Amino acid sequence: MKKLILLSLMALLAINLSFAQRNRGKAEVFIQIADRGNFKVYLDEELIGSASGRFRFYDVYNTRPVLTILAGSEKIFSREITAVPNTRLIFNFSRRGGLSLIKELNIYRNNVYALDDFDEYAGAYNTGIVPPDRPTSPQNRNDFDALVARVKQEAFDDQKLKVISAYSNYTALSTKQIAQLFPLFFKDDSKLLLAKQEFQYISDPHQFYLLKDAFTFMSTKDEFMKFLDGQKTGQNRNRPMSQADFAAFYKQFKSEAFDDHKTELAKVALINIKLTSEQVKELIACFSFEDKGLDFAKWAFRITFDKENYYTVADKFRFLSNKQALLDFINNQK
């Protein structure tokens, strides 16, 4: 009898432990690498690549994962770290300084996912065309102001590009900072060269499409968008676009005069970014013709975070044929 009771208690304990493991809070681990180069980052067995030097790991359940950093094929760092449930941990790494924890953020506020793309809470910034840059210290802002003053001293665009390149060898510029540098150039072609030169090192590649309207000529705008369409950030983003980022994108999306241009913008701007079903519905309302909105809805399905709710997008169409076409499309995506 005692043996039976002991076995029952052990089974109950095992069930409770299993339940606790499945339901414990998950963490997020973000790493930014200060050095320039081709890096790959592993957290246990998960691999993330990044052209911007920022690596994002979502849904981290192991509280003691092993962080490994490769430069090319060379292992330059490997260490067990502590992941705190329901917390985003942001680390900085450099060959000289090693790994350091620079910020901890609570993932949820009032039971709602609360964070932006990297190191702040969503909605903390203005929602204009280009969001504000986020220097890590006041000195960084002073450094950028000094860069602007130095670029102004150069008489020719090619020299301006060289000065900026020398600066960005050691610190990543933001989209807003690139936009502030554009007016210092005489030619649209030089602005385009700057954009191409800095994209792989930009701190917020998901915002880079916002530079489109900073070009003067339509031909340059088109060439910029073609360039951006061919770029990949290497991130695998598992969270929907933040409210602030979506507000900026929505404003740009709605301003496009033609439906085809709206879809083209989305295909360029939403590289490795997910939307919610509600965000897709807001974008569909911007289309002049329902058939174009239907095409967009079919395209957006693959980048939607909450596919279980995507059937509600059909409600945005007035014509029964379009509603049914979208529902049929969703049912075939299994």
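The legends below describe close-up views of a predicted model.

**Figure 1. Overview of the predicted protein chain.** The protein chain holds 11 helices and 10 strands. Of its 334 residues, 46% are buried. Among contacts with a separation of 6 or more, 62% are between residues 24 or more positions apart. The accessible surface is about 17,900 Å², and carbon and sulfur atoms supply 52% of that area.

**Figure 2. The open sheet with strand order 4-1-7-8.** Four strands make up this sheet, and their pairing is mixed. Strand 4 (54-60) and strand 8 (98-106) are the edge strands, each pairing on one side only. Direction ignored, neighbouring strands of the sheet are turned by 20 degrees against each other on average. Strand 1 (residues 27-33) runs antiparallel to strand 4, and five bridges join the two. Strand 1 pairs with strand 7 in the parallel sense, over six bridges.

Figure 3. On the strand 4 side, Phe-30 has Arg-56 as its bridge partner, and Gln-32 has Arg-54. Towards strand 7, Val-29 stands opposite Leu-89. In a regular strand, side chains alternate between the two faces of the sheet. In strand 1, Ala-27, Val-29, Ile-31 and Ile-33 point one way, while Glu-28, Phe-30 and Gln-32 point the other way. The residues of both sets are all buried. Strand 1 is largely enclosed by the rest of the structure, because seven of its seven residues are buried.

**Figure 4. Charged groups over phenylalanine rings.** Arg-54, the bridge partner of Gln-32, places its charged end over the ring of Phe-118, 4.0 Å from the ring centre. In another such arrangement, the charged end of Lys-307 sits over the ring of Phe-301, at 5.4 Å from its centre.

**Figure 5. Phe-182 and Phe-215, a tilted aromatic pair.** The whole structure contains 17 aromatic pairs. A pair of aromatic rings is described by the distance of the centres and the angle of the planes. For Phe-182 and Phe-215 the centres are 5.1 Å apart and the planes lie at 55 degrees, so the pair is tilted. An angle over 60 degrees would be needed for an edge-to-face pair. Phe-182 and Phe-215 are both buried. The two also belong to one aromatic cluster, together with Phe-199, Phe-208, Phe-224 and Phe-227.

**Figure 6. Phe-249 and Phe-253 in helix 7.** Both residues lie in helix 7 (residues 243-255), four residues apart, which is about one turn of the helix. Phe-249 counts as buried because its relative accessibility is 0%. Phe-253 is buried too, with a relative accessible area of 0%.

**Figure 7. Lys-221 in helix 6.** Lys-221 is located in helix 6 (residues 218-229). With a relative accessible area of 11%, Lys-221 is buried, because the limit for that class is under 20%. Apart from neighbours within four places in sequence, Lys-221 is in contact with Lys-212, Asp-213, Phe-215 and Thr-216. One of these, Phe-215, is a member of the aromatic cluster and is itself buried.

**Figure 8. Two loop residues with positive phi.** Most residues other than glycine have a negative phi. Asp-44 has a positive phi, near 55 degrees. Asp-44 is in the loop between strand 2 (39-43) and strand 3 (46-49). With 32% relative accessibility, Asp-44 counts as partly exposed. Asn-86, which is not a glycine either, has a positive phi of about 65 degrees. Asn-86 is in the loop between strand 6 (74-80) and strand 7 (87-94). Asn-86 also counts as partly exposed, at 37% relative accessibility.

Definitions and conventions. Residues numbered from 1 in each chain as written. Predicted model: local features only at pLDDT ≥ 70, side-chain atom pairs only at ≥ 80, totals over all residues. Heavy atoms only, no water. Buried < 20%, exposed > 50% of the residue type's maximum accessible area, 1.4 Å probe, protein only. Contact = heavy atoms within 4.5 Å. Areas by Shrake-Rupley, 256 points an atom, 1.4 Å probe, with all protein chains shown as cover. Phe/Tyr/Trp six-rings, centres within 6.5 Å; stacked < 30°, edge-to-face > 60°. Lys NZ or Arg CZ within 6 Å of the ring centre and 35° of its normal. Pairing = 2+ DSSP bridges. Axes fitted to C-alpha atoms, helices over the stretch in contact; angles between N-to-C directions.
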